[in-house]
Amino acid sequence: AARACLALALALHGTASWAQQAPEAVGNAVHALLERETRGLPGQVRITLSPLDARNQLPPCAALVPFLPAGTRAWGRISVGVRCDSPVTWTAYVQAHVAVMADHLVTQRALRAAQIVGPEDIALRHGDLTALPDNTLTDAAQAIGHHTRHAIAPGVPLRGEMLRIPPAVQQGQQVRVISGGPGFSVASEGRALNNAAPGESVRVRMPNGQVVTGTARAGGGVEVAY
């Protein structure tokens, strides 16, 4: 009887070890999602994952569905969800770091308030855009010829709100609104309720009366993340 119990325990242990979710499959699904989400970003995208615990007790999944939690974008340090739909249901989360290595603008010297930015006032520096403030400028053409809003110290990453940049979206303008989430994107039209330069927040009234808040983009579009 003792030998039979031991054999049964060993068999159950072997089955449990075998019937365990492979971390590699989860990592591959997350990596593929982040590659899709970061397609088109400037510079070189580097994706680093913290693998799912190899000692996890999750049953093997035949249909892994990776997703970004609501309000999360593929940028910097994030948590990515993975849902299993078959043959059982479970959800796990994987920590990821999305770095975007590209050139960005910094001030070459101290700038006065209301000063017109010239080529000699700025320089390009290479770094991780996700570690910098939002709306950090990446092209000299975005800064040259514009007035500074206030004094700026040397060596500071140059952001759009530091300059008097003509608005990308004007109050009352009909704008194209792009909204999306994991695996989908929807385009619609709305009317801007305030002026906004590229990278700034803008409120848009949709045809059904709903007011949404998004980010103004060069060319007059508005991006709304869900």
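Student: Is Arg-83 buried, partly exposed or exposed, and what is its relative accessible area?

Tutor: This is a predicted model, in which local features need pLDDT of at least 70 and side-chain atom pairs count only at pLDDT 80 or more, while totals for chains, interfaces and linings use all residues. Residues are numbered from 1 along each chain as its sequence is written, and side-chain values use heavy atoms, with hydrogens and water left out.

Arg-83 is partly exposed, with a relative accessible area of 31%; buried means under 20%, exposed over 50%, and partly exposed in between (1.4 Å probe, protein chains only). Arg-83 forms a salt bridge with Asp-85, their closest N and O atoms lying 3.3 Å apart; the term denotes a side-chain nitrogen of Lys or Arg within 4 Å of a carboxyl oxygen of Asp or Glu. Asp-85 is likewise partly exposed, at 42%. By this rule there are seven salt bridges.

Another of them joins Arg-109 to Asp-121, at 2.8 Å from N to O. Arg-109 is partly exposed at 41%, whereas Asp-121 is buried at 1%. Through salt bridges with shared partners, Arg-109, Glu-120 and Asp-121 form one network.

A further salt bridge links Asp-134 and Arg-73, at 3.1 Å from N to O. Asp-134 lies in the loop between strand 5 (122–128) and strand 6 (174–181), and Arg-73 in the loop between strand 2 (64–67) and strand 3 (76–84), so the pair ties together parts 61 residues apart in sequence. Strands (E, at least two residues) are DSSP runs numbered from the N terminus. Asp-134 is exposed at 53%, while Arg-73 is partly exposed at 42%.

Note on methods. Helices (H or I, at least four residues) and strands (E, at least two) are DSSP runs, numbered from the N terminus.
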